[in-house]
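Hi there,

Here is the structure I promised to pass on to you. Have a look at it first, and my notes follow below.

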Amino acid sequence: MSAFDRYLHAVLVRATHEAHEDGSATTDAHHLLLSLAADQGSTAQRVLAAAGLDRAAVRAALDREFEHSLSVVGVSAAAYDLPRPSRGDRQPKLGASARLALERSFATARKKDLRSSHLLLGVLEAQVGTVPRALALAGIDRAELADRVRQALDSPDQ
Amino acid sequence: MSGAENPLPHDPADALAAVAALRRLADQLEDAAVEQAMRAGWSWPQVSEALGVTRQAVHKKHAKRLIAAGVQLRRRGNERV
């Protein structure tokens, strides 16, 4: 098992945990982003943090996207005051958006060259969906952020 | 230009995102509402009929979670068939 395999495994475990906490049946691309933002010490996490995106900021951006997308059809999640449901032990499955993000990541480099930054790039390259909408609402320039990730990849300490 | 003023969003991205968000909200509501009903003593057939899905579907989706949470579930014998 390579260092990257171990890193990928840890990212997926954390993303699955985020999905479970969300009560989501699937681990989605935005759960990968939460996981990448929470990882301490990786290049992906450093680039995100430099853009003001620690885990809490990503969570806030996602919550805002959720509220905003609902408001477009006149719905407010805050209008429902049901108790927080108990979470079961069922493990979320890898969802379509997370699968696409991983495929994009793996397409950017040879397997032995894969780094945390490639995972982040795979998530950031989605043109549509929850992640780009959340980042746009948070005032983040996604293309510029992706450029910074690529610059970090090219720097010698990688 | 706000889509909130119009019941039908003009931007397809907004409309599609609303669908995705509504599904997530519906899932969250279902988890909370089914748990609330079962804690209030509803039976699986009642909950499934109220949701408009089969008893098998609602049982498969929620039983393990509610048992793990210690919710007292109504026995099979008490249910309407």
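In chain A, the axes of helix α3 (residues 43–50) and helix α6 (residues 116–124) come within 7 Å and cross at roughly 55 degrees. Axes here are lines fitted to C-alpha atoms, for helices over the stretch in contact, with angles running from 0 to 180 degrees between N-to-C directions. That makes α3(A) oblique to α6(A) (under 35 degrees is roughly parallel, over 145 roughly antiparallel, 65 to 115 roughly perpendicular, and the rest oblique). On α3(A) the contact is made by T43(A), A44(A) and V47(A), and on α6(A) by S116(A), S117(A), L119(A) and L120(A). Residues are in contact if their C-beta atoms, placed from the backbone, lie within 7 Å.

A word on the source: this is a predicted model, where local features need pLDDT of at least 70 and side-chain atom pairs pLDDT 80 or more, while totals for chains, interfaces and linings use all residues. Residues are numbered from 1 along each chain as its sequence is written, with chains lettered from A and ligands numbered from 1 in the order in which they are written.

Chain A has eight helices and two strands (DSSP runs numbered from the N terminus: H or I of at least four residues for helices, E of at least two for strands). Its C-alpha atoms fill a box of roughly 50 × 35 × 25 Å along the principal axes.

The contact between the chains takes 22 residues from chain A and 26 residues from chain B. On the chain B side, α1(B) gives the largest share, 17 residues.

Best wishes

Definitions and conventions
Two residues are in contact if their C-beta atoms, placed from the backbone, lie within 7 Å.
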